[in-house]
Amino acid sequence: MTWKAIEKPRQGWTVVPNLLDYERTRAEFSWDGARRELDGLPGGLGLNIAHEAVDRHAAGPRRDHRALRWLGKRGEVRDFTYAGLSALTNRFANVLSRLGVGRGERVFLLAGRIPELYISALGTLKNGSVFCPLFSAFGPEPIRQRISLGDGRVLVTTAMLYKRKVAELRASLAGLRHVLLIGAPEEVRAIPDTHDFHQLMAEADERFTIAPTAPEDLALLHFTSGTTGRPKGAMHVHEAAVAHHLTGYFALDFHPDDIFWCTADPGWVTGTSYGIIAPLTHGITSIVDEAEFDAERWYGILQRQRVTVWYTAPTAVRMMMKVGTEVISKYDLSRLRFIASVGEPLNPEAVVWGQKAFGMPIHDNWWQTETGGIMIANYASMDVRPGSMGRPLPGIEAGIVHLRKDGSVEMVDEPGVEGELALRPGWPSMFRGYLHEEERYRKCFAGGWYLTGDLARRDRDGYFWFVGRADDVIKSSGHLIGPFEVESVLLEHPAVAEAGVIGKPDPVAGQVVKAFVSLKPAYSSSEELRLELLGFARKRLGAVVAPKEIDFVANVPKTRSGKIMRRLLKARELGLPEGDISTLESQ
Ligand code: AMP
């Protein structure tokens, strides 16, 4: 089925879109111009994300404007003005500096969407330290691995998460000097070798002067997954704020009176770049909801909080589609002006459903941990082609390339031809490396391009269309999962001889993690063992990463050099042609 473009009015807007003339804005755009949109530290002392996000508004006419409105799981509401957020983040910066935590040192956050997470993130940046979020649904193994790969000096978490997931690992994290716990004082006091977050905050001064920060100083460390090997720590610098700000303006169409809601968790890059930084750099109000998805709760938030711009994800849209449009008519969503989505392919049906359900299409956009900010988008002023990711942002050159056997790169000019999606390096939020992994970083570049690992095509009018991943990583409910990480944990179980992990298509989550295991000779397959393995993986990896399905196989197919042939596992699972199996090890 082909989808008709959703046409938008060309004038008569109540709010005029920021990107009105795409071609002209692209032609006239310069990153230097974008840099001038930010303030810089007072006295010309550099650029610090937290100054741009908080202090510059706290020092100006927006000081009493609401920066964050936090909605607790149990109906609590807490508001933070820019001035209030500035004082709290100053306190946290003082906490770190009193503990002797230095510039460039990594501060890990493991918490749900609670106010302390946002305060710690921005206070860390003020202190010149590096903010590194961990998803609270991770199990102990992904937590241990990331803190240890990232040389974590500080961990801020809740007493409950600490007891459940970190206490058992503590001895193996020798470099972790301080653990700050959020919780009731008696509960925290009973846990050895930790500090009470709130007590330290109460004792800290609410004045703090951000030290000179170079735009290239490390600010954020986001772990992402590859097909093989350990998770990769993508490093981002303070200058990334230039792109966060600009993409908020062009792709999310921020206007000064907006109330913005990004539903992503800061444990993933979207929840940091757009759940924390971008809206604050614009001085607008951001909604943070602690609770998990619930369609009626979400519509209630859109109505009561008078959300104008909403940034969500395809899995959530598909879950809303399951609930249907009828329920939406009970809510007054007349303030909603713009809906965007990111993280996985947004089916054309979902875009069209958005038009029916909310009276506006859902604007898909594309980016990844390494790009730090939105690179390709459907814009408020432009027609939406359902199923397309849109067109590159001003300042971003995207292309479709083919890698030749000799390692060189050929750019594909012809529309409609599939290839790897590539970007010309140099935008401010581009990752500056994978921590301690120079070689892996170098491999991302060829022929003057950054290679994204995604396959795509471009149409005649310059819209990009997602085709799939060029590698075996799995996207499940918007979360990128490395099969190797899952296989490694399964192999730790005494019954497992080999494990191969794939993403199995799923109508709601996009993909779910499925594992194939072969057993050691002393073991035989049974339903009981299958359940034991599922539980084992879930306990070690956490619910988001662990396999949802496990099948027993006699052998996991491998190449003669020992690499797991995940593509073959997938083809067999889906009943598709097996393709070239000339390298398959004989079994
Ligand atoms: P992450 O680094 O976890 O943000 O994941 C990035 C990956 O998610 C990309 O490389 C894509 O494979 C996928 N992705 C992100 N946005 C989209 C989109 N709009 N359409 C299709 N896939 C997407």
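Residues are numbered from 1 along each chain as its sequence is written, and side-chain values use heavy atoms, with hydrogens and water left out. In this predicted model, local features need pLDDT of at least 70 and side-chain atom pairs count only at pLDDT 80 or more, while totals for chains, interfaces and linings use all residues.

Zero disulfides are present in the structure, a disulfide being a pair of cysteine sulfur atoms within 2.5 Å. For Cys132, the closest cysteine sulfur belongs to Cys262 and lies 18 Å away, which is too far for a bond. Cys444 is likewise in no disulfide, the nearest cysteine sulfur being that of Cys132 at 18 Å. Cys132 is buried, with 0% relative accessibility, and Cys444 is buried at a relative accessible area of 11% (buried means under 20% relative accessible area, exposed over 50% and partly exposed in between, with a 1.4 Å probe and protein chains only).

Helices are DSSP runs of H or I with at least four residues, numbered from the N terminus. The axes of H16 (residues 483-491) and H17 (residues 527-541) come within 10 Å and cross at roughly 120°; axes are lines fitted to C-alpha atoms over the stretch in contact, and angles run from 0 to 180 degrees between N-to-C directions. H16 is therefore oblique to H17, as angles under 35 degrees count as roughly parallel, over 145 as roughly antiparallel, 65 to 115 as roughly perpendicular and the rest as oblique. In the contact (heavy atoms within 4.5 Å), Glu485, Val486, Val489 and Leu490 of H16 meet Leu533, Phe536, Ala537, Arg540 and Leu541 of H17.

Conventions:
Helix = DSSP H or I, 4+ residues; strand = E, 2+ residues; numbered from the N terminus.
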